[in-house]
Amino acid sequence: FAMSLLAAGAPLAAVVYHVAPPPAGSDTNPGTAALPWATLQHAADTVGPGDTVLVRAGSYTGFHLTTSGAPGARIAFRAYPGERPTIVADNTVTPDAINLEGASHVTIEGFRVDGRGRAGIRAVLCREVEIRGNLADANQRWGIFTGCCEDLTIEYNVTSGSVLEHGIYVSNSGDRPVVRGNLSYQNFASGLHVNGDLSISCDGFLPTDGVISEALVEGNILAGNGLGGGSGINCDGVQDSTIRNN
């Protein structure tokens with residue numbers, strides 16, 4: 001009896017899954033390196049805490065993720081080393097390439113997301129999300145957008161040519177964001193907009209105080225933004241934060 005309880009409570013082993021375009025990839029495959037899946041959404045529907053998805057170069061429809069990792073057991077979607085997968089169609093749920101909806105402890109790394117209907121990468125109602133090393137160009141509203149996401153890291157991305165708004169937009173009462181080492185240029189509004197926005201509720205996930213505190217914004221390059229009105233770096237409802245060496 002004790003042994004069966006131990007087994008029932010034991011965590012599942014982390015798995016590395018692989019995705020590649022057809023004909024190599026098929027969602028009927030087991031998702032191994034030799035027999036990869038074909039779609040990012042199939043991977044998003046399958047992963048659990050600790051799992052990594054390695055994505056080969058090629059063109060993909062985006063994905064909508066609602067599953068969280070855990071402290072010390074992140075879910076990661078990463079480009080295969082040395083390659084750059086490109087998302088050429090919005091996910092089937094929202095008008096974004098990659099959408100994290102209530103998905104915490106997740107890493108998104110190494111994708112190209114161009115020309116999407118709203119955001120290249122969007123993450124809302126989350127904790128400890130990392131968005132790292134992605135390229136986002138000519139997306140309709142934002143290159144990278146986050147809302148009600150605390151202990152967030154956005155670093156070493158390139159966000160350019162956002163048609164209506166900002167290259168990077170960190171919003172809605174999420175404390176302790178780190179925005180580091182990004183290049184954000186020729187966006188219609190701001191290169192980086194950080195906005196606590198008291199008018200937007202975090203649906204009970206976080207207290208809605210309209211303030212972003214303890215932000216660290218450093219080492220970013222902002223160039224040629226604001227054709228439609230905007231700043232290199234713009235802050236509203238931000239306090240007790242560090243902005244340096246940009």
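1. Basis. The model is predicted: local features need pLDDT of at least 70, side-chain atom pairs count only at pLDDT 80 or more, and totals for chains, interfaces and linings use all residues. Residues are numbered from 1 along each chain as its sequence is written, and side-chain values use heavy atoms, with hydrogens and water left out.

2. Salt bridges overall. The structure holds 16 salt bridges. The term means a side-chain nitrogen of Lys or Arg within 4 Å of a carboxyl oxygen of Asp or Glu.

3. D96 and R118. These two form a salt bridge, with the closest N and O atoms 2.8 Å apart. The pair links distant parts of the chain, 22 residues apart. D96 lies in the loop between β6 (86-89) and β7 (98-101). R118 lies in the loop between β9 (112-114) and β10 (119-127). Strands here are DSSP runs (E, at least two residues), as helices are (H or I, at least four), numbered from the N terminus. D96 has 0% relative accessibility and counts as buried. R118 is partly exposed, at 23%. The cut-offs are under 20% relative accessible area for buried, over 50% for exposed, and in between for partly exposed (1.4 Å probe, protein chains only).

4. D114 and R112. Their side chains meet in a salt bridge, 3.0 Å from N to O. D114 is partly exposed, with a relative accessible area of 25%. R112 is partly exposed too, at 30% relative accessibility.

5. E155 and R132. Here the closest N and O atoms of the salt bridge are 2.7 Å apart. The pair links distant parts of the chain: E155 sits in strand β14 (residues 153-155) and R132 in strand β11 (residues 130-132), 23 residues apart. Is E155 buried or exposed? E155 is buried, and so is R132.

6. A charge network. Salt bridges link R74, E130, R132, E155, R180, E218 and R244 in a network. The pair from point 5, E155 and R132, belongs to this network.

7. T86. This residue is in strand β6. T86 counts as buried, at 19% relative accessibility. Which residues does T86 touch, not counting those up to four places away in sequence? The answer is G58, S59, Y60 and R112. Contact means heavy atoms within 4.5 Å. The C-alpha atoms of T86 and F111 are separated by 6.0 Å, although the two residues are 25 apart along the chain.

8. Aromatic pairs. The structure holds five. Rings of Phe, Tyr and Trp (its six-membered ring) pair if their centres lie within 6.5 Å; planes under 30 degrees apart count as stacked, over 60 as edge-to-face and the rest as tilted. F63 and F77 are stacked, 4.3 Å centre to centre with 20° between the planes. F63 is in strand β4 (residues 63-65) and F77 in strand β5 (residues 75-79), 14 residues apart. F63 is buried at 0%, and F77 is buried at 0%.

9. W142 and F145. This pair is stacked, at 4.3 Å centre to centre and 25° between the planes. W142 is buried at 9%. F145 is buried, at 9%. Ring pairs link W142, F145 and Y169 into a cluster.

10. Charges over rings. The charged end of R56 sits over the ring of Y80, 3.8 Å from its centre. The charged end of R127 sits over the ring of F205, 4.4 Å from its centre. The criterion is NZ of Lys or CZ of Arg within 6 Å of the ring centre and within 35 degrees of the ring normal.
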